[in-house]
Amino acid sequence: MKRRLSVYLDPALMAQLTELAKRKKQSMSLVAEAAIASFLTPDESDRREAAVARRLDRLTRQVERLERDLAVSVEATALFIRYWLTVTPSIPEDFQVVAQATGRDRFASFLQMLGQRLATGQKVFHEVAADIGGDPSGPLQK
């Protein structure tokens, strides 16, 4: 059993309702009911918008984690460079050729280790966070 509802419409809106009802060969009550039902029922665009919002939220969290990881990497690299420049003595010219050869060998080893870790998916950052008892996916502690 349908219930009755009385509404007041703007004259222009009433004219549109009357015209649409005539074109559809339906009663104004039926057209108004369909319009109200359409307004109250989420349509495909509303569901799509909600899905997009969820995806954007997920992407936002991923970007925040990337920003955090990048900040840690930049800070660690800067601290290492400062430490290395502070504690490494100058090499006399007599030993520079040997030191450069040793440096090339060490760099080649470094690249090999980096390639292996990237291929296996191991991350030093996660190991360090686990060693110090932190959560690598959580917010940074300051």
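**Ile36**

I started with Ile36, which is partly exposed with a relative accessible area of 43%. For my own record, buried is under 20% relative accessible area, exposed is over 50%, and partly exposed is in between, with a 1.4 Å probe and protein chains only. Ile36 sits in helix 2. Helices here are DSSP runs of H or I with at least four residues, strands are E runs of at least two, and the numbering goes from the N terminus.

A note on the model before going on: this is a predicted one, where local features need pLDDT of at least 70 and side-chain atom pairs count only at pLDDT 80 or more, while totals for chains, interfaces and linings use all residues. Residues are numbered from 1 along each chain as its sequence is written, and side-chain values use heavy atoms, with hydrogens and water left out.

**Nonpolar patch**

I looked up which surface patch Ile36 belongs to, and found a nonpolar one of about 910 Å² made by Leu5, Val7, Leu9, Leu13, Met14, Met28, Ile36, Phe39 and Leu40. Helix 1 (11-24) and helix 2 (28-40) are the elements that give two or more residues to this patch. Helix 2 contributes the most, with four residues.

The patch rule, for reference: members have over 30% relative accessible area and no salt bridge, with like charges joined within 9 Å and nonpolar side chains (Val, Leu, Ile, Met, Phe, Trp, Tyr) within 5 Å. The accessible areas come from Shrake-Rupley with a 1.4 Å probe, and for residues only the protein chains shown count as cover.

**Largest pocket**

Next I checked the pockets. The largest pocket holds about 660 Å³ of space. It has 18 lining residues, and those closest to its centre are Leu5, Ser29, Ala32, Glu33 and Ile36. So Ile36 turns up here as well as in the nonpolar patch, with its partly exposed 43%.

Helix 1 and helix 2 each supply at least two residues of this lining. Helix 2 has the largest share, eight residues. By class I noted twelve nonpolar, two polar and four charged residues. The classes are Ala, Val, Leu, Ile, Met, Phe, Trp, Tyr, Cys and Pro as nonpolar, Asp, Glu, Lys and Arg as charged, and the others, Gly among them, as polar.

A pocket is an open set of points on a 1 Å grid over the protein atoms alone, where a 1.4 Å probe fits, with protein on both sides within 12 Å along at least five of seven lines; lining residues have an atom within 4 Å of a point. Grid points are joined across faces, edges and corners, and the volume is the space filled by probe spheres set on the points.

**Second largest pocket**

This one has a volume of about 420 Å³. Of its 13 lining residues, Leu114, Arg117, Gln122, Lys123 and Val124 are the closest to the centre. Helix 3 (44-87), helix 4 (96-120) and helix 5 (124-131) each give at least two residues to the lining, and helix 4 gives the most, five. I wrote down six nonpolar, four polar and three charged residues.

**Salt bridges**

I count three salt bridges, taking a side-chain nitrogen of Lys or Arg within 4 Å of a carboxyl oxygen of Asp or Glu.

- Lys2 pairs with Glu33, the closest N and O atoms being 2.9 Å apart. Lys2 is in the segment before helix 1 and Glu33 in helix 2, so the pair ties together parts that are 31 residues apart in sequence. Lys2 is exposed at 62%, and Glu33 is partly exposed at 38%.
- Arg23 pairs with Glu19, with the closest N and O atoms 3.9 Å apart. They are four residues apart in helix 1, so about one helical turn separates them. Arg23 is exposed at 58%, while Glu19 is partly exposed at 40%.
- Asp69 meets Arg68 at 2.7 Å, N to O. Asp69 is partly exposed at 24%, but Arg68 is buried at 10%.

**Lys25 backbone**

I flagged Lys25, whose phi is near 55 degrees, positive in a residue other than glycine. Most residues other than glycine have a negative phi. Lys25 lies in the loop between helix 1 and helix 2 and is exposed, with a relative accessible area of 73%.

Val128 is in helix 5 and partly exposed at 42%.
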